Amino acid sequence: MLPPRSVLPMPASPAPTPALRRSILLLSFATFSSMVAQRICDAMLPALSSEFTVSLAQAAQVVSYFAVAYGAAQLVYGPLGDRVGKFPVVVFATLACAVGCVLSALAPDLRTLVIGRVLVALAAAAMIPLSLAWVGHAVAYDRRQETLARLGLGSTLGVVVGQLCGGFFTDWVGWRWAFWFMTSLFG
């Protein structure tokens, strides 16, 4: 009779290669950027309302349309990542986010800003689920939890930094600079 499975030693997998570490770091930056983009407009709603002379509820479209587009786009990225490759889709999504942030920074009216934010949302939706899936395929089982924690750190910090940056840029240099910051972050 064999001893219980917990008694059998698990063979240790080799240490991650430098290329794997670099890929995980880049994916962590991507998940961080995705969450920053999601929260960056929260603090700027009063400024947007004033700038575009619309009600606060109308200015909130930059947040609500982002959330709806972000959620809906996630349905597409699983099959697309399986077909094209998870990492290449994340790379393309970060570039599309940068384009959406430029459009947002240059927005002459609320409608254009909402369109820019929706573009960012449609692309940013790829980053977290495809990064998690990529780790599931690329990282050895015994190192996966540690790697997922590092990846999760990026997205968790992104929530806090997004709100902080949105308020900072809006109060100190203007809300458009928040989107230029986001452009450089995605770039």
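1. Helices here are DSSP runs of H or I with at least four residues, strands are E runs of at least two, and both are numbered from the N terminus. Keep in mind that this is a predicted model, where local features need pLDDT of at least 70 and side-chain atom pairs need 80 or more, while totals for chains, interfaces and linings use all residues. Residues are numbered from 1 along each chain as its sequence is written, and side-chain values use heavy atoms, without hydrogens and water.

2. On geometry, α8 (residues 141–172) packs against α9 (residues 175–186) at about 130 degrees, with the axes 6 Å apart. That angle makes the pair oblique (under 35 degrees is roughly parallel, over 145 roughly antiparallel, 65 to 115 roughly perpendicular, and the rest oblique). Axes are lines fitted to C-alpha atoms over the stretch in contact, with angles from 0 to 180 degrees between N-to-C directions.

3. Who touches whom? From α8 come C165, F169 and T170, and they meet W175, W177, A178 and F181 of α9; contact means heavy atoms within 4.5 Å. By class that gives six nonpolar residues, one polar and no charged (nonpolar is Ala, Val, Leu, Ile, Met, Phe, Trp, Tyr, Cys and Pro; charged is Asp, Glu, Lys and Arg; the others, Gly among them, are polar).

4. Now α4 (residues 61–84) and α6 (residues 110–124): their axes come within 7 Å and cross at roughly 30 degrees. So α4 is roughly parallel to α6. The contact includes Y65, F66 and Y70 from α4, and L110, L113 and R117 from α6. It has 16 nonpolar residues, one polar and one charged.

5. Have a look at T53, in the loop between α2 (45–51) and α3 (56–59). Most residues other than glycine have a negative phi. T53 isn't a glycine, yet its phi is positive, about 45 degrees. At 71% relative accessibility, T53 counts as exposed (over 50%; buried is under 20%, partly exposed in between, with a 1.4 Å probe and protein chains only).

6. Overall, the protein has nine helices and zero strands. Buried residues are 43% of the 187. Of the contacts between residues at least 6 apart in sequence, 79% join residues at least 24 apart. The C-alpha atoms fill a box of roughly 75 × 35 × 30 Å along the principal axes.
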